[in-house]
Amino acid sequence: MVGISRDNTLVPGTEDRRSHVCFQEWFSMVEVSMSDPLRRIDALVEEDTLPTPQVRQQLRLAAGLTQTEVADAIGVKRLAVAQWEAGRAQPHRGNRRAYAHLLRKLAAKHPDAAAEEASDEG
């Protein structure tokens, strides 16, 4: 069994006889105790993480989209998407979030396009 100490840390090999806490309950307690800045940082990293420029292009092509269509969806000019895919520029905060969201959706629909880079590096 795993118990929880008074400072809400897990203690392997112990049993908290006062109450048994399932993983879901423990996770909720830890999440509540995590400071707001750390949660905001985690959210930004998850929302803003972009694949390499090559994978960005592969995902767009796998979906059959043009740079213009991606640009229109995000609200930027086609040249911005071309530069992002070439690795010459990075999207700014609001655009980055929208672009990362689009790429995550494309990766879910076309997992092979995102996996091609890993096989190219070997």
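Helix geometry and packing in a predicted model

Visitor: How do you know that the span of helix 6 agrees with its number of residues?

Guide: This is a predicted model. Helix 6 covers residues 93-109, which is 17 residues, and at 1.5 Å a residue it should span 24 Å. The expected span is 1.5 Å times one less than the number of residues. The end C-alpha atoms of helix 6 are 24 Å apart, so the two values agree.

Visitor: What makes the buried residues of helix 6 line one face?

Guide: The buried residues of helix 6 are Tyr99, Ala100, Leu102, Leu103 and Leu106. Seen down the axis of helix 6, the buried residues fall within an arc of 165 degrees, so they line one face of the helix. Arg93, Gly94, Lys105 and Ala108 are exposed on the other side of helix 6.

Visitor: Which helices and strands does the protein have, and in what pattern?

Guide: The protein has 7 helices and 2 strands. Along the sequence the pattern is β-β-α-α-α-α-α-α-α. Of its 122 residues, 24% count as buried.

Visitor: Why is helix 3 called oblique to helix 5?

Guide: Helix 3 (residues 53-62) and helix 5 (residues 78-86) pack at an angle of about 125 degrees, and their axes are 6 Å apart. The perpendicular class runs from 65 to 115 degrees and the antiparallel class begins over 145. That makes helix 3 oblique to helix 5.

Visitor: Which residues make that contact between helix 3 and helix 5?

Guide: Helix 3 contributes Pro53, Gln54, Arg56, Gln57 and Arg60, and helix 5 contributes Trp84, Glu85 and Ala86. By class, the residues of this contact divide into 3 nonpolar, 2 polar and 3 charged.

Visitor: Why is Gln54 called partly exposed?

Guide: Gln54 lies in helix 3. Partly exposed runs between the buried limit of 20% and the exposed limit of 50%. Gln54 has 36% relative accessibility, so it counts as partly exposed. The C-alpha atoms of Gln54 and Ala86 are separated by 7.4 Å, although the two residues are 32 residues apart along the chain.

Visitor: Why are helix 4 and helix 5 called roughly perpendicular?

Guide: The axes of helix 4 and helix 5 cross at roughly 110 degrees and come within 8 Å. The class roughly perpendicular takes angles from 65 to 115 degrees. Helix 4 and helix 5 are therefore roughly perpendicular to each other. Their contact is made by Gln67, Thr68, Val70, Ala71 and Ile74 of helix 4 with Arg78, Val81, Ala82, Trp84 and Glu85 of helix 5. This contact of helix 4 with helix 5 has 6 nonpolar, 2 polar and 2 charged residues.

Visitor: Which residues of helix 5 are buried, and what do they pack against?

Guide: Ala80, Val81, Ala82, Trp84 and Glu85 are the buried residues of helix 5. These buried residues pack against helix 3, helix 4 (67-74) and helix 6. Just after helix 5, Gly87 has a positive phi of about 80 degrees.

Visitor: What makes Pro51 count as partly exposed?

Guide: Pro51 lies in the loop between helix 2 (36-48) and helix 3. Its relative accessibility is 26%, and Pro51 therefore counts as partly exposed, since buried means under 20%. Leaving aside neighbours within four places in sequence, Pro51 is in contact with Arg56, Leu59 and Leu103. Pro51 and Ala100 are 49 residues apart in sequence, and their C-alpha atoms are 8.3 Å apart.

Terms used
Residues numbered from 1 in each chain as written. Predicted model: local features only at pLDDT ≥ 70, side-chain atom pairs only at ≥ 80, totals over all residues. Heavy atoms only, no water. Helix = DSSP H or I, 4+ residues; strand = E, 2+ residues; numbered from the N terminus. Buried < 20%, exposed > 50% of the residue type's maximum accessible area, 1.4 Å probe, protein only. Arc of directions from axis to C-beta. Axes fitted to C-alpha atoms, helices over the stretch in contact; angles between N-to-C directions. Parallel < 35°, antiparallel > 145°, perpendicular 65-115°, else oblique. Contact = heavy atoms within 4.5 Å. Nonpolar A, V, L, I, M, F, W, Y, C, P; charged D, E, K, R; others polar.
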